Amino acid sequence: MAGRINDDDVKAVRDAVPIDAVVSEYLQLRNAGGGNLKGLCPFHDEKSPSFQVSPSKGLFHCFGCQEGGDTIAFVQKIDHLTFAEVVERLAAKAGITLRYEEGGYNPSHQRGERIRLVEAHKAAAQFYAEQLDGPEAEIGRRFLADRGFDQAAATHFGIGYSPAGWDHLTRYLRGKGFSDRELITSGLSQDGRRGPIDRFRGRLMWPIRDTAGDVVGFGARKLREDDNGPKYLNTPETPIYKKSQVLYGIDLAKKDIAKSSRAVVVEGYTDVMACHLAGITTAIATCGTAFGGDHIKILRRLLMDNGSARVIFTFDGDAAGQKAALRAFEDDQKFAAETYIAIAPDNMDPCDLRLVKGDDAVRDLVEPRTPLFEFALRQIVGRYDLETPAGRAAALDEAAVVVAKIKTRSVQREVAVQLAGFIGILDQEYVVHRVNQLAQWARGRGGDPRGPGRTGRGGAGRSQQIQAPPVPSGPALNLRSPAHRTERELLKLALQRPELVAPAFDAYGSDEFTAPPYAAVRQCIEEAGGAEQGLADSREYLVRVLDATPSESVRKLITELAVEVFHGKSIDETYAGEHLVKVRLRAVDRRINDVQSSLARLGSNVAPDHLAAAQNEVWVLQQYAQTLRNHGAAAL
C-alpha cells in the first residue's frame, strides 16, 4: 500500500515553493495590482489575461474558466499528476525530504508514475552525456565539430551518445532500480527477443525537456551508414512525452521569450543550437512533427499576445519548407502576435548559415522582414498563370479564402489590397469586396469561408451548427444585486484581510449570506476555525478553508474570492466595518420582515403569548437596526 505523505511535510512544501515561481515556468506573469499577478490562462484559450496569481496567499484563479487552487492544484492540472506526485516533485525542487506514513517509504513502489519516468529520463540523459567522452563516440564528436559545435556547446545543451550495443542503457537503469515495465513505458527501452533492449543505439542524443526543465524524451541522430533507421528517431508517445506538446529548447528560451516578447521557430535541434550560440536565445523547434495548435498555446502563454510580440519562422525555401509555412499561416490566426518568415540566402538553415557566414548572419536572418501572410499569399499566387484572366481569377479564388480568415477587419482589408497587387488586379475594391463576402459567410455559417456548399474536414456543409462557447463552471450569482456584491466583498475581506474583520465576522451565521454559494463559503471559513485563524498564518488558514470545501464548485469560488481585487480604493478598518454593517443590517431587516409576514399570514389566529414574543422580537431587532445605522461597526 502506498504511504501517505505526512501533513506537516505537505505544508512545508506549500510554504517553500512560491506559486508565482511555479506558474512562471508555464506562462508569463505581469503585475495585476494589489500584489497580484496576471497572465493568459493555460487551461482555456483567451485573448486577454483573466488568470490571476496571489503570491502572498499561494493561490491562483482564472476568472474566465473558474479554475483555481494552490500551487499543488496548479501543477496537478497542468501536468496531469496525482496529488502525491506533485508533492514529491515540488519537494525535490525545494530540497525537502518527505516522510511517509502507513509503513514507511519504498521509492521503487510508492512514487508516482510520472515522477519515476522523469527520473529515468534524467538518469538516461546523464548516462548518454558521459558516453559522449568515450572512444566509440568519436564519430558523434566529429559530427558536432563539423557543424561548429564544441564540447562547451554539447555540455550546454546536454548532448550525449547512445552506445551501439543492445542493452547498455537498459542494464544501467536496471542498476538504478528501474523495472523493465518502467523502461518500456518510458520509451527508453523496447521489447527484444530475450527481454528489453535499448531503443537508441549508436546515435547522437539530444535531451528534450518540457517547460519546467524536466527531460521527457530524446531526439536521436543517425551517425553510421549501416544504421538502417530514419535519420532522426524520437521518443515514441509516452505518458510524459507528447510530440505535439513539446518544443525543443523551450526550457532555455522561455524566459527570454517572455522578456522580449519574441520567439524564433526553427526546424531542427542543430538550428536551435546555432541560434542560441549566435545570441538568438529565443529559438525553439518542434520535435518530429509540424508546428501546430498545441505549440501555439505554449507560445501564446509566454508571449502574452501583446501588440509588440513577434514570432519568426525560419523555414527552408524548398517545397517542404513552403508547405510548412502555409500550414503555419493557417494556425497563425490563433496568434495576436505578428508573424514573419525568414529564409536565408541559398536556402541555408541557421546551422549551415552560422558555419558558412558566422553569428552575425544568423542574427541578421531572424530580423523580421517578410510577414508570414505575404509569403503564404505569394506561394499561392505563384502557382497560377497571372498573364491570363482565368489564371488571375483562379488565384483570387484560392487566396481570398486565406485572407478572409484574418480576424481583425482593418488588417483583413489591408491584406486584401496587397493581394490585389500580388495578382495584378487594378480594381482593389473588387478584391476587398470578395474577401468581405467570404468572411461574412464564414461568420454567419460558422463553417469554411469558401462559400455555401463547401465544407472543411468535418464534411458538415450547410447544416454545420455554430457551437456556443462553454459556460463557466462556477456558481451562478447575481452580481447586480447590492446584497450579493456586499456579501462577496465581505467574504473577500475574510479570506484576504482577516485582520480587518475578525473577530466580528466569526459571529456571523451562514444564514446572513443570501446567496447559497456565499453561505457555503462562510460555512467553510467557520469549519476552518474562523477568520481569526488567519491572523497567525494567512496561508495555512486558506489551506484549511479549502480543505473544508464540500464540492469543487465551492473550492473554485473560494480561490476566486481569495485573489479577486477589492472594489474600494482604501481597504482599511472603515471599509471593512461598512461591509460588516451592511451584511448584518440586511440580515436584521430580513428577519424583521419574516416575523411581520408570519404574523400577517396568521392574522387573528395567532396565540397571545406567541404574538407578544414576536412583537418583542421585532422591537428588539428594530432597535438593533437603528443602532447599526447610527453607530456603524461599533454596534456589532
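**Cavities, a pocket and a sheet**

The structure holds 2 cavities of 30 Å³ or more, where a cavity is a set of points on a 1 Å grid over the protein atoms alone at which a 1.4 Å probe fits but cannot get out, and lining residues have an atom within 4 Å of a point. Volumes are the space filled by probe spheres set on the points, with grid points joined across faces, edges and corners. Before going further, please keep in mind that this is a predicted model, in which local features need pLDDT of at least 70 and side-chain atom pairs count only at pLDDT 80 or more, while totals for chains, interfaces and linings use all residues. Residues are numbered from 1 along each chain as its sequence is written, and side-chain values use heavy atoms, with hydrogens and water left out.

The largest cavity has a volume of about 70 Å³, and its lining includes R14, K57, D70 and R539. Helix α24, residues 538–547, gives the most to that lining, with 4 residues; helices here are DSSP runs of H or I with at least four residues, strands are runs of E with at least two, and both are numbered from the N terminus. By class, the lining of the largest cavity has 5 nonpolar, 2 polar and 4 charged residues, counting Ala, Val, Leu, Ile, Met, Phe, Trp, Tyr, Cys and Pro as nonpolar, Asp, Glu, Lys and Arg as charged, and the others, Gly among them, as polar.

The second largest pocket holds about 870 Å³ of space, a pocket being an open set with protein on both sides within 12 Å along at least five of seven lines. It is lined by 34 residues, of which I78, D79, H80, Q245 and R301 are the closest to its centre. In that lining, 16 residues are nonpolar, 4 polar and 14 charged, and α13 brings the largest share, with 5 residues.

Let me move to the strands, which count as paired if DSSP finds at least two bridges between them. An open sheet of 5 strands runs in the order β2-β3-β4-β5-β6, with antiparallel pairing. Because β2 (30–33) and β6 (68–70) stand at the edges with a single partner strand each, one side of each is left without a neighbour in the sheet. The twist averages 25° from one strand to the next, with axes fitted as lines to C-alpha atoms, for helices over the stretch in contact, and angles running from 0 to 180 degrees between N-to-C directions. Helix α3 packs on this sheet, touching β4, β5 and β6, and its direction makes about 120° with that of β6, where contact means heavy atoms within 4.5 Å.

Finally, some backbone details deserve a look. The peptide bond from A502 to P503 is cis, with omega near 5°, and P503 lies in the loop between α22 and α23.
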